[in-house]
Amino acid sequence: MLRLPDFTFRRPKDLREAAAILAGEGSRAMLVAGGTDLWPKMKRRQMEPRVVIGLRHLSDLRGVSGSPTTGVSLGANITLRELEREPMLLDRYPAVAEGAHSISSPPLKTMGTLGGNLCVDTRCFYYDQTYEWRQSIHFCLKKDGDTCWVAPGSSRCWAVSSTDLAPVMLALNSRLHLLSNSGERTIEAGQLYNPDGIAYLKKRPDEIVTKVDLPPINGDITAFRKLRRRGSIDFPILNVAAWIRPSKKGRVVEAARIAIGGITSAPFLSVVAANSLIGRELNADSIHEAAQAARLESRPLDNTDLDFSWRRQMVEVWVRRTLEDVTRRL
Amino acid sequence: MPDKLNVVGQPLRKVDAAAKVAGRTIFADDVVLPNMLYAKLLRSTRPHARIINIEASAAETMEGVKSILLGSELPITFGILPVSQDEHTLAIDRVRYVGEPIVAVAAVDEETAEDAIRRITVEYEDLPPIMSIPDGVRATDDPIQAYAEQGNIHKTISFEFGETKSALEQSDLILDDTFFYQGNTHLPLEQHAAVAVYQPDGKLVLWSATQTPHYVHRALARVLEMPASRIQVIACPNGGGFGGKSDPFSHEIAVAKLAMKTGRPVKIALTREEVFYCHRGRHPVLMHSRLGLKKDGSITGMHFKTRLDVGAYGSYGVAITYYTGALQTTTYHIPAYKFEGARLFTNKPPCGPKRGHGTPQPRFGMEIQLDKAAELLGVDPAELRLQNLVQPNSLTANWLTIRTIGLRRCIEKVIEASGWKSKFRKLPFGRGVGLACGCYLTGAGLPIYWNNMPQSGVQLKLDRSGLVTVFCGSTDIGQGSDSILAYIVGEILGIDPLHIRVVTGDTDLTPVDLGSYSSRVTLMTGNAAIQAAERARELLNDAVAAELKVPKDRLVAADNRIFDSEDSAKCVDFAKAVQLAEAKFGTIGTVGSYKPPASAAKYKGGGVGPSPTYSFSASVIELEVDPQTGIIRIEKVWIAHDIGRSINPMLVIGQVEGSVYMGLGEALMEEQEFRLGVHKTPSMLDYKSPTSMDMYSIETILIEEPDPVGPFGAKEVGQGPLLPMPPALCNAVYDAVRVRIDEIPVTPEKILRALKAKSQGKEGRFGPQSFPTIEYRDPMFILPPWSGGDGRSSAQPEYTRKGL
Amino acid sequence: MRSKELHRLMVNRELREVAAYSSRTLLEVLREDLGLPGTKHGCEVGECGTCTVLLDGQPALSCLLLPADLEGQHITTVEGMANGAELHPLQSAFADLGAAQCGYCTPGILMVAKALLEENPEPTRAQIEEALGGNLCRCTGYLKIFEAIELAAKTLHQEEHAHAG
């Protein structure tokens, strides 16, 4: 069997104690909630913390509060299973429920959390492998080596963002609450992500994501689509989240955000695509133009399942279909 | 054949079903012995290298480490085929693939063994790795295996049955097609595991997740230099085999040796990645087929060439190379047939037998090619096949004996059930139907090591309590072979099969059965069981007849009793019948065995292909292709399988559905790719196997025309239904969007590329572009049956040929 | 050297106390320290579903659960499914319909099916397919598994009505 290395597990009594331990242990420690990302990585020696701080049991991190008209707060420890079934999300913020629904598989959704998915590690064929496998290729830039095997001439790591909920939060322009021993702050979701495969999160290592605030939704429409080979289990090789604010008069777009994930090291907003819709009706032409623009902005590399130039073509199709979903929901 | 069957043909539970659903089945990793140690293997991280030095002292001195084993302690090689016993338990001076075992460590627990492995350093001197067929064809001074024929070309095969060149020249239509079937692996859910113990009296016992305990037994005796009678191999029920657990493995031998060195039981359980390194899966095969037909649709000849990317060691590969040329002739009459095959070593985990054993690849090529031929001739592909069908009780060009062949009814049934005639070439763009057929052996006619002994033996013990125990060396890998034995014996002796005790796969206790591979088990163990059971019933009838004063031939065995067919009140219950027989004859025990009939193929290499009988399948797939994305959605699969007779239709349908699942998994997503000398996807996430969300409906039609050779007329079902799936899929894709994908897996990108090429006025096809030239040594020429041949090879015709 | 810690786990309605390496996952503790080998393993990294158990009645992968983090939670394994010596209707249905070929994925799938029928006694085929999305099977092609779950749902429904009536 593949087994965990030796380590110390800490189960803090509350959030403040968790933050204190994290601050004290520094780089020796990592956080775990559902464990669906950390434990496999530790078994493969991709991550080797001496101390693991468990957050799963902390009730401070649970709960749904607020309303679609004033904004909804989601605790970081809400499980993906809870998110995908939450009636208020299904009804008013469908992209959040759909995003959660699309992740991994049912048993993993029982365990996985909102916070965990937002912070999930970037992935790559040359990195998500056991220690011995990586030794065969002399390791890689992200862990223990000098070369990025996806782009051997590159000085940066190109591991891919593999979260389904981050693009949704970018599209919604949600806010994230971060807590550490030295205080709390909130940031826009987009400010969490850094286009680098190694330093892919801009939060400090001692900060804990505690809550996600969804903005008031009112008449705004959201939609989400994911691309993966199989109907379950697989990580995204592309995902699209769209948020459209229609004008009072129906189909004219007043504001828009289109977020794309699974393509580069950070989820990104396709600003050109979104801007192309402003002031226009959502119809076949405007959608086509937006989808094309999104494709041009997307440059996947060969580090996930299926052919990367095909994935680039699919950006256009997936953006188009996501915008068609929005249109149906108007 | 009996008139009324009470057990055979019934959808009964399996004898081990209750244990399986209760989680009580003892798989190899569930075996626990007192004072047990745990072993781990250190494996090569280089694809091709000399081993310069192994530094293990840091591991040796670790607390909890009890023994370290190096390759030099086991210098004798092994390998499943006598012609390629090229594997060392642990590599000694050379490694040939990433993942090859080099050192074994036994420690008090697996964590300690793993830590110990990480403290061992191996110094390598890299050699150039050979990672593809084109690489393998190039000349070299330092081949991967020194015993290969030419450089890294292990072996070439060239057979010609009838003058094929002239037959093709006389065709009205000639097709030349190149196909590629990517390599894939079994991915059983259970990882390999084994436990060994060396008893104080010098007896070695090994439990293992193996499909072939008899071959493991032989390998242990050979490598450990011990008499086989002092070794016991127990095959645990397999958590999936599919051919991946049919070789003797390094980890089995290593754990046995560690048990001998430490005097304690030793267990090893492989990680998923290590299972990918054991591999023994489907060979990637590049193929070229030249097919000739007359304008009336009759086939004139076929010249088929295959190139196999073998991996670093032989495994079953030589046999499989022959299999890539053997069964082309079994479904449609081919008057002249030439086959040329070549196998090339590469620095990858060795390929071996995976469900279909080298036959799915050529079947893929020929079923697509026939589809192309039908289109060029303007005929329905079903009609083209029906017109060319092989006749029952006939010989093929390559001297295979076809007995029953239910393929006509298979084709007719799937055509009818699917609504083919209203759909083929008539559905809107993006929807299509495709047809393909297949044929597979019911057990290889010859054993892996040449001998004259039975391939299967069954012993029966009849107890005074009425309990019957069946002993047989076969292994239940999930296909239900234990249950088949119980059903057959239960039918003949008239007793409840679920109360029969079945003891299998134990080399101390059970008579030899060669193992669960080549779909041999139902036919061979079944026939042996029939013989043993009929002998037992003879004794019982004799004693009961005397007791009841009724003629023997009026006695019927059913419902746990033996009674007079004319007056069922005159009966004895089964237990009493056994007691009567024991009183008359002494302790009751009977034996049955089975050896396949001699084959008509007498030429060298003709040992691969013959079988007591063959199963046949036909399938229609209906699917949708999204032309914007190339993504395929399978709507439905209709599959008809010529089973002869279903011993248990529920189990038969289960095998059909499982074969369909695996065949379509291969067609759509299973593939082995190597980068930087390493297996790119050695995990269950990245090596794709369809989930419950990827399924479609399957309609199974069983064609039952009992074959006299099979037990109650039964033929195989565990492998045959897989064969039509990949070509039927590709044929359906063509019907849907009119592009040819001449390779698998069929990914969305390949379909879009083919569509794009077509839209640019080029050929609407995605597939291999070329086929490398190789020199064939010792081509053989064999007259086919209809030209007065005798099954032997004759002198070469005037021309000698180099490979095309 | 690794250290052991004492775990107190509620498994199949029994409070079990066991000393095991603190780095061992629930999968390993069940199999190697608690003598409950019914839960199987196929990958140990959450990719195949073979090790599924129920955690407070919901399917979870035991290869990714840490015993130290399971305080107060109820764990159910396949060994806890039968009622004494009497098989659960799901188990009987699997046996009767040939839904277990090699039987290795079976314990994990039975756990998922049990949770499903307890939450949704009359699931549609689509709901069954989705619930099983994280459990791979290489032998059956899933169809007989779906059918067995549907059969068990009917049986449980009839049993319930027999009680009520």
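**Chain B**

In this predicted model, chain B has 19 helices and 35 strands, where helices (H or I, at least four residues) and strands (E, at least two) are DSSP runs numbered from the N terminus. The C-alpha atoms of chain B occupy a box of roughly 85 × 75 × 55 Å along the principal axes. The radius of gyration of chain B, 27 Å, agrees with the value near 28 Å that a compact globule of 804 residues would have; this radius is taken over C-alpha atoms, and the globule rule is 2.2 Å times the number of residues to the power 0.38.

Of the 804 residues of chain B, 69% are buried, that is, under 20% relative accessible area (1.4 Å probe, protein chains only). Contacts (heavy atoms within 4.5 Å) in chain B between residues at least 6 apart in sequence join residues at least 24 apart in 81% of cases.

**Chain A**

Chain A contains 12 helices and 12 strands, and its C-alpha trace spans about 60 × 45 × 35 Å along the principal axes. A compact globule of 330 residues would have a radius of gyration near 20 Å, and the 20 Å of chain A agrees with this.

Buried residues account for 63% of the 330 residues in chain A. Among contacts in chain A between residues at least 6 apart in sequence, 63% link residues at least 24 apart.

**Interface of chains C and A**

Contacts between the two chains involve 37 residues of chain C and 30 residues of chain A. The buried area between chain C and chain A is about 2800 Å², with carbon and sulfur atoms giving 54%; buried area is the accessible area (1.4 Å probe) that two parts lose on being put together, summed over both.

The interface of chain C and chain A holds 8 salt bridges by the rule, which requires a side-chain nitrogen of Lys or Arg within 4 Å of a carboxyl oxygen of Asp or Glu. E32(C) forms a salt bridge with R3(A), with the closest N and O atoms 2.8 Å apart. On the side of chain C that touches chain A, the elements giving two or more residues are α1 (26-33), β3 (52-55), β4 (58-61) and α4 (125-131) of chain C. The residues of that side comprise 15 nonpolar, 11 polar and 11 charged; Ala, Val, Leu, Ile, Met, Phe, Trp, Tyr, Cys and Pro count as nonpolar, Asp, Glu, Lys and Arg as charged, and the others, Gly among them, as polar.

**Conventions**

Residues are numbered from 1 along each chain as its sequence is written, while chains are lettered from A and ligands numbered from 1 in the order in which they are written. Local features need pLDDT of at least 70, side-chain atom pairs count only at pLDDT 80 or more, and totals for chains, interfaces and linings use all residues, while side-chain values use heavy atoms, with hydrogens and water left out.

Note on methods
Buried < 20%, exposed > 50% of the residue type's maximum accessible area, 1.4 Å probe, protein only.
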